[in-house]
Amino acid sequence: MAWGDSTRGTFDKWANEVGDDSFQYDTVVNYYRKATNFTPPDDSTRLANATPRYNPNLVSVGGPLDISYAAYSYSWTTWLQVALEGLGIKSTDSFIKGDLNGSAWQIHTINHTTGFRESADRAYLRPYLQRPNLAIFDRTMGERILFNGNRKAVGVQVISDNSSYTLNATREVIVAAGVFQSPQLLQVSGVGPAALLERYDIPLVADRPGVGQNMVDHLLFGVSHRVNVPTLSTLVLGDTGRREVEEFNAHPPTGRLTSPGGELVGFENVPEALRSGFSQETVQALADFPSDWPEIEYLTLPTFVGDFTGNPPAPNDGYNYATLLGTLMTPTSRGNISISSSRMADPPLINPNYLTTRADIEVSVAMFKRLRQAWAVPAIANNLTIGDEFYPGQEIQTDEEIEALIRRTMAPVSHAVGTNKMGRESDPLAVVDSHGKVFGVENLRVVDASAFPFLPPDMLGEKIADDVKRGL
């Protein structure tokens with residue numbers, strides 16, 4: 001639900017990798033603005049020391065996607081800002097200016113009037129259901145893309161309620177099935193690594209070895225403490241939950257349920273004291289990232305997290321708990337997606353390959369130590385926390401113990417991208433060009449996150465929609 005721009009250096013890198021200067025920040029920022037309808041926060045419903053800072057000249061109104069600040073701010077989150085300041089991470093304006101270093105209150109995709117999440121479905125589909133040029137096929141799966149003898153996409157074979165039929169394309173086929181199923185659909189349709197397709201007797205349309213490769217995701221894990229301020233932990237006590245529901249259903253909505261949790265974020269590079277022990281392999285890997293791209297993101301959740309699977313279970317002891325999360329922003333490990341049969345109905349094989357590079361391990365270990373440093377900032381340790389570290393606990397100390405813990409408890413942020421990588425035609429792993437058009441065939445595009453060449457937040461759908469309308 002977080003909303004923000006990526007960095008200028010990131011889009012310089014994108015433009016260079018795909019050979020298209022229209023991906024530079026000063027151009028793509030227009031698509032960030034075009035998409036959004038910003039509503040200022042209501043400071044009367046937030047804590048006095050939780051007033052967001054943003055440049056009103058950098059927000060826009062009139063777009064389909066509502067964005068705003070949550071109507072409620074946790075006192076725990078104001079303490080997080082103190083903790084990050086104690087680490088040397090200074091407060092700054094919201095992250096809508098091409099720069100991600102510092103900490104700021106987070107803009108979210110929230111409808112300010114209703115308090116509900118503003119999803120792509122609400123913003124881009126529901127308002128247009130009555131358009132005469134839109135037809136929606138419920139309970140329908142695309143089985144394969146159909147090509148003629150000239151390798152031109154001419155339609156899609158689909159199945160609805162056990163009935164298979166063809167949807168013909170008069171102009172082009174546009175794929176947006178997501179980072180896992182977009183490459184699966186290409187592969188079962190004959191576009192992908194030749195050896196893989198041969199294994200399942202799929203006729204080869206185009207040998208594109210990069211289809212399904214290059215998968216990358218952010219990873220996160222956290223450290224939890226008991227705290228002496230209200231969090232979500234006590235929502236189940238007494239009639240607290242009922243009262244919070246009533247506040248959310250008020251007009252305008254207020255209270256804890258209006259907040260998605262990650263109200264404040266911070267970004268930084270691993271400080272010198274922790275990076276001095278990095279291997280040369282890690283130093284070289286990090287040098288490939290833009291100079292303005294942070295290595296760590298800090299997120300806050302006003303509850304106990306554990307390992308994201310309910311292990312250990314959240315305490316139900318009447319105490320309030322809070323978690324400071326660290327997110328690996330520079331993952332270098334790459335996974336892959338491959339079909340398990342010639343049928344879309346059979347799930348693809350997903351190999352995320354997390355933490356398989358030295359750089360990912362060393363940065364993650366440093367990030368864990370940094371989380372502990374944040375909790376140990378005197379203003380936090382003396383005024384906010386109750387007792388020692390609750391999770392994972394002080395028995396985790398050595399780098400080897402920290403690494404083992406991270407491997408057990410880390411979770412993907414569900415930001416996976418890259419499995420139909422955008423790039424130059426000379427790149428053997430590139431699947432689509434800078435307009436989303438698939439190499440080796442005609443009239444076929446991929447427009448979702450699988451087309452990202454690497455992992456920044458992005459506005460690719462808006463940009464390629466313009467390309468389609470302009471006939472590019």
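This is a predicted model: local features need pLDDT of at least 70, side-chain atom pairs count only at pLDDT 80 or more; totals for chains, interfaces and linings use all residues.
**Exercise 1. The crossing of α9 and α10**

Task: Determine how the axes of α9 and α10 are arranged, and which residues meet at their contact.

Solution: The axes of α9 (residues 280–287) and α10 come within 8 Å of each other and cross at roughly 95 degrees. Because angles of 65 to 115 degrees count as roughly perpendicular, α9 and α10 are described as roughly perpendicular to each other. On the α9 side the contact is made by Glu 281, Thr 282, Ala 285 and Leu 286, which meet Arg 358, Ala 359, Glu 362 and Val 363 of α10. Sorted by class, the residues of this contact comprise four nonpolar, one polar and three charged.

**Exercise 2. Helix α2 and its surroundings**

Task: Describe the contact of α2 with α13, then list the elements against which the buried residues of α2 pack.

Solution: Helix α2 covers residues 25–35 and helix α13 residues 460–470, and their axes come within 9 Å and cross at roughly 100 degrees; α2 and α13 are therefore roughly perpendicular to each other. Val 28, Tyr 31, Lys 34 and Ala 35 in α2 meet Glu 462, Lys 463, Asp 466, Lys 469 and Arg 470 in α13. The contact divides into three nonpolar residues, no polar ones and six charged ones. Within α2, the buried residues are Tyr 25, Val 28, Val 29, Tyr 31, Tyr 32, Arg 33 and Ala 35, and the buried residues of this helix pack against β1 (2–3), α1 (8–18), β2 (36–38), β3 (65–67), α4 (120–125) and α13.

**Exercise 3. Two single residues**

Task: Decide whether Asp 467 and Trp 105 are buried or exposed, and place each in its element.

Solution: Asp 467 lies in helix α13, and its relative accessible area of 1% is under the 20% cut-off, so Asp 467 is buried. Apart from neighbours within four places in sequence, Asp 467 is in contact with Ser 434, His 435, Arg 445 and Leu 472. Trp 105 belongs to strand β4 (residues 102–105) and is likewise buried, with a relative accessible area of 4%. Between the C-alpha atoms of Trp 105 and Leu 134, which are 29 residues apart along the chain, the separation is 38 Å.

**Exercise 4. The chain as a whole**

Task: Which radius of gyration would a compact globule of 472 residues have, and what does the chain have?

Solution: A compact globule with 472 residues would have a radius of gyration near 23 Å, and the chain, with 24 Å, agrees with this. The C-alpha atoms fill a box of roughly 75 × 55 × 45 Å along the principal axes, and 52% of the residues are buried. The chain has 13 helices and 20 strands. Of the contacts between residues at least 6 apart in sequence, 73% join residues at least 24 apart.

Definitions and conventions. Residues are numbered from 1 along each chain as its sequence is written. Side-chain values use heavy atoms; hydrogens and water are left out. Axes are lines fitted to C-alpha atoms, for helices over the stretch in contact, and angles run from 0 to 180 degrees between N-to-C directions. Helices (H or I, at least four residues) and strands (E, at least two) are DSSP runs, numbered from the N terminus. Angles under 35 degrees count as roughly parallel, over 145 as roughly antiparallel, 65 to 115 as roughly perpendicular and the rest as oblique. Contact means heavy atoms within 4.5 Å. Ala, Val, Leu, Ile, Met, Phe, Trp, Tyr, Cys and Pro count as nonpolar, Asp, Glu, Lys and Arg as charged, and the others, Gly among them, as polar. The radius of gyration is taken over C-alpha atoms; the globule rule is 2.2 Å times the number of residues to the power 0.38. Buried means under 20% relative accessible area, exposed over 50%, partly exposed in between (1.4 Å probe, protein chains only).
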